[in-house]
Structures are given as structure tokens and as C-alpha cells.
Amino acid sequence: MADIDIPPHLIELESAAWAEQQAGDLTVPTAAAVQQAYTDHAVAKGVSRYELEMAVKLTVRHS
């Protein structure tokens, strides 16, 4: 996987979504906000949205 710069706001969004998911309370607005943020950042930086999402999830879930 390429070395991807992960902005703090994506870590915060994914952390909130992960906490909701773990509690069984993930909402559609939370999930949609995270996905939109991934898409927006990937387009702005010219990186793969998939690779960006995987990098953020690895950071949040396995740190």
C-alpha cells in the first residue's frame, strides 16, 4: 500500500464511526459522513479512495 498522508479529521471521523459500530449504534449519517470525507480527500489529493480508507482503518483499528 502506498504511503498515504492521513489528515487528523479522517482519524477523528473513523474513530467515531468505529466506536459507534463497536457499540452497535452506527448510524447512516455517521457512515455517510465518513465515506464522503474519504471521497473528498481522495479526489483532492489524487489518491485511491480505497487505499485511503484502508490506511485510515488500519490506523484507527490496529494502533
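Colleague: Does Thr 30 count as buried or exposed?
Modeller: Thr 30 has 17% relative accessibility. Buried means under 20% relative accessible area, exposed over 50%, partly exposed in between (1.4 Å probe, protein chains only). So, at 17%, Thr 30 counts as buried.

Colleague: What are the ground rules here?
Modeller: This is a predicted model, with local features needing pLDDT of at least 70, side-chain atom pairs counting only at pLDDT 80 or more, and totals for chains, interfaces and linings using all residues. Residues are numbered from 1 along each chain as its sequence is written, and side-chain values use heavy atoms, leaving out hydrogens and water.

Colleague: Which side chain makes a polar contact of 2.9 Å with that of Thr 30?
Modeller: Thr 30 is found in helix α2. Helices are DSSP runs (H or I, at least four residues), numbered from the N terminus. A polar contact is a pair of N or O atoms within 3.5 Å; within protein, one must be able to donate a hydrogen and the other to accept it, and residues adjacent in sequence count only if both atoms are side-chain atoms. At 2.9 Å, the partner is Thr 27.

Colleague: Which residues does Thr 30 touch, not counting those up to four places away in sequence?
Modeller: Contact means heavy atoms within 4.5 Å. The C-alpha atoms of Thr 30 and Ala 16 are separated by 8.0 Å. The residues touched are Ala 17 and Glu 20.

Colleague: At what angle do α1 and α3 pack?
Modeller: Among the residues that meet are Leu 10 and Trp 18 in α1, and Leu 52 and Val 60 in α3. Axes are lines fitted to C-alpha atoms, for helices over the stretch in contact, and angles run from 0 to 180 degrees between N-to-C directions. The axes lie 9 Å apart, and the angle is about 65°.

How values were computed:
Helices (H or I, at least four residues) and strands (E, at least two) are DSSP runs, numbered from the N terminus.
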